[in-house]
Amino acid sequence: MRSDDQSLGRLMALSQAGDAQAHEAVLVACQLWLRRFFAGKIGPEHAEELVQETLLAVHNKRASYDPGRPFLPWLAAIARYRWVDRLRAIYRHQSDVHAEQVEAIDAGETVVAKLSLDRLMAQLSDGQRAAITLVKIDGLSVADAAVASGQSVSLVKMNIHRGLRRLSVLVEED
Amino acid sequence: MPDKFIQSLVADFKPVGQLDNRQPWFAMAVLCCVAIAVVAATMGLRADLLAGLPADVVLLRGGVVLMLGVASLIAVVAYARPNVGRHSDGWIWALAAAALFPGIALLSAVEGRFPKDVLTAPSGLVCLGVSVSIAIFMAAALTLWVRRGATVRVSLQSWLIGLSGGSFATFCYSLHCTSTTVIYAGFWYTGAIAMSAGIGRMVLPRVLKW
């Protein structure tokens with residue numbers, strides 16, 4: 001199913017008005033959209049949890065959608081907010097994530113591309129992007145990431161810390 | 001076929017009213033009226049205002065802080081909803097205009113013309129205390145409304161709520177303030193608004209996070 005902005009916006013407006021079927025339909029469409037959106041941007045074992053967290057946020061915060069405005073920027077803003085929050089939570093708990101190839105984002109969806117997390121990652125320094133990608137998304141240990149990226153262990157740690165902080169700021173600024 | 005998670009969300013489904021953008025405006029209008037009434041009852045309003053002939057500087061400072069409150073409230077309302085690529089930057093221009101007051105105070109200090117009695121005036125601390133106290137109520141009302149939305153710019157929103165509350169509160173106090181100098185407003189009004197914004201930035205992020 002390929003959901004377009006207008007139909008999703010209409011469904012959410014119906015959902016706000018109390019149409020349970022529309023609510024279910026919009027959540028199903030959002031679920032598919034979010035799976036593509038987060039693909040490759042977080043360890044696979046965290047991906048479904050992140051999708052569910054974001055769906056819960058969509059459900060709880062649906063009053064904040066303005067039917068007079070496009071739907072996908074609203075959804076993407078929530079998704080990016082939850083994504084950075086999740087990355088930071090993983091960082092705080094020092095969890096390991098494992099590498100696994102996941103479904104690629106459909107390059108044909110221009111709105112997705114425009115709002116993509118890649119654009120945020122591209123604004124990090126090379127060292128920060130490499131450290132976050134290797135440790136938080138590909139699931140390498142800090143020591144392995146240091147070898148792979150040619151950075152020292154302490155530099156990898158610092159780049160993750162500063163990179164995540166920068167991502168939080170970027171999500172707020174964009 | 002939706003999965004169990006979505007089914008559980010739908011089972012919990014209830015109609016929701018859209019976030020109403022008029023509510024914070026109404027709340028600020030009511031709180032400003034209440035604050036002005038309290039200031040008038042406890043401290044009194046300026047005689048020139050009551051006579052209908054306010055001094056130019058009173059109109060100027062009141063207008064500038066009121067505009068700053070309005071501009072920052074527009075941003076608070078805009079940023080209460082998640083969105084990518086939507087900016088509300090009018091408050092920056094209002095802040096730049098308001099910065100003329102502390103700018104003039106700073107210039108006078110650099111030139112050695114800063115009147116020392118501005119710093120030691122007892123009314124200065126009253127201005128600060130009353131304005132920040134009123135600002136806390138205003139910021140609390142805005143925070144309650146913003147929490148019904150879903151701000152994704154938590155830090156900026158925290159500043160803006162403090163800035164808006166502080167500006168409206170300072171406007172209310174300015175209707176009593178007996179000073180007629182730009183330097184006094186540049187020092188004490190700026191202090192009150194900056195302190196309100198700073199308190200907002202320190203306190204509100206944990207409240208606004210969702």
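This is a predicted model: local features need pLDDT of at least 70, side-chain atom pairs count only at pLDDT 80 or more; totals for chains, interfaces and linings use all residues.
Which residues touch the most other members of the largest nonpolar core? Residues are numbered from 1 along each chain as its sequence is written, while chains are lettered from A and ligands numbered from 1 in the order in which they are written.

The largest nonpolar core has 54 residues, and Val76(B) and Met138(B) are the ones that touch the most other members. A nonpolar core here is a set of buried Ala, Val, Leu, Ile, Met, Phe, Trp, Tyr and Cys residues joined through C-beta atoms within 7 Å. A residue is buried if 20 or more other C-beta atoms, placed from the backbone, lie within 10 Å of its own, exposed if 12 or fewer, and partly exposed in between. Helices α2, α4, α5, α6, α8, α9 and α10 of chain B each supply at least two residues of this core; helices (H or I, at least four residues) and strands (E, at least two) are DSSP runs, numbered from the N terminus. Leaving aside neighbours within four places in sequence, Met138(B) is in contact (C-beta atoms, placed from the backbone, within 7 Å) with Met28(B), Leu31(B), Gly165(B), Phe168(B) and Ala169(B). Apart from this core lies another, of 52 residues, including Ile42(A), Val51(A), Val171(A) and Ile6(B).

Turning to chain A, nine helices and zero strands are found. Of the 174 residues in chain A, 40% are buried. Among contacts in chain A with a separation of 6 or more, 70% join residues 24 or more positions apart.

One helix of chain A can be followed residue by residue. Ala145(A), Ala146(A) and Ser149(A) are buried in helix α8 (residues 142–149) of chain A. These three lie on the same side of α8(A), because they cover an arc of only 105° around the axis, the arc being that of the directions from the helix axis to the C-beta atoms. After α8(A) comes Gly150(A), with a positive phi near 75°.

Finally, the two chains meet: 28 residues of chain A are in contact with 25 residues of chain B. On the side of chain A that touches chain B, the elements giving two or more residues are α2, α3, α4 and α9 of chain A.
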